[in-house]
Amino acid sequence: MTTESRLTMTLGETMFTQRAIRRFRPEPIPDAELQDILEAAIRAPNGGNTQPWHFLVIRDPDLRTKLAELYREAWWAKRRDQGIMGPQDIPPGKNTMRSAMRLADQIGQAPVMVLLCATSQGPAAAASIIPAAQNLLLAARAFGVGGTITTLHADVDDRVHELLGIPAEAQVVYCLPLGYPRGTFGSVQRKALSEVCSYERWGGS
Ligand SMILES: Cc1cc2nc3c(=O)[nH]c(=O)nc-3n(C[C@H](O)[C@H](O)[C@H](O)COP(=O)(O)O)c2cc1C
């Protein structure tokens, strides 16, 4: 059997239930499923088919713990840049930010962390990582595995490179925890299409 034939969840169900999962059960992801998820990621569109990516998969508990500490620091560095110095500064109603804050405390519980790296610096290479991240998340969803796209921060960049032996010319674009969700995927909630789409001219029907 191939990866393609193992991805049997319908495209509709996969796309409409692929949510940001931030709470994980401790069970490991079987190697074969992880392999399939990564095989899907590398099928993604990318600039000129240059495939300027490297997927760094971290399962080792000690490395995950160290990366999780850096992740937490990065998350709060991003908030500090927004003037948010602690949980008390998170405005009421910012539920996604509160969930993300909890993830910053708990990301080490995810059995797998994937750093989606571009093999060179700059926005062009980084842009090719975006479709790969989505392919990866969709394939993960099809296997019942959850995760979410997250970013790091310049404050921790050198230490992340050093911890994981990432070459200086490569950039970490996303840090993606993966695991079986605590709770369910639920359905994706978005604005109505009519609010974000027009035909022929911006603002038309
Ligand atoms: C570019 C990008 C950066 C993101 N960064 C974070 C992050 O740092 N932490 C986090 O918990 N979620 C992060 N997310 C996930 C979003 O919060 C999530 O996709 C959004 O809230 C929609 O959630 P839903 O798909 O569950 O409806 C990011 C998503 C994208 C596309």
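Reader: What makes residues of α4 and α8 count as meeting?

Author: Two residues are in contact if their C-beta atoms, placed from the backbone, lie within 7 Å. By that test Leu 63, Lys 66, Leu 67, Leu 70, Glu 73, Ala 74 and Ala 77 in α4 meet Asp 155, Val 156, Arg 159, Val 160 and Leu 163 in α8. Bear in mind that this is a predicted model, where local features need pLDDT of at least 70, side-chain atom pairs count only at pLDDT 80 or more, and totals for chains, interfaces and linings use all residues. Residues are numbered from 1 along each chain as its sequence is written.

Reader: Which classes do the residues of that contact fall into?

Author: Eight are nonpolar, none polar and four charged. Here Ala, Val, Leu, Ile, Met, Phe, Trp, Tyr, Cys and Pro count as nonpolar, Asp, Glu, Lys and Arg as charged, and the others, Gly among them, as polar.

Reader: How do you know whether Thr 2 is buried or exposed?

Author: Count neighbours: a residue is buried if 20 or more other C-beta atoms lie within 10 Å of its own, exposed if 12 or fewer, and partly exposed in between. Thr 2 has 8, so Thr 2 is exposed. Thr 2 sits in the segment before α1 (3–6). Thr 2 and Asp 36 are 34 residues apart in sequence and 8.5 Å apart in space, C-alpha to C-alpha.

Notes
Helices (H or I, at least four residues) and strands (E, at least two) are DSSP runs, numbered from the N terminus.
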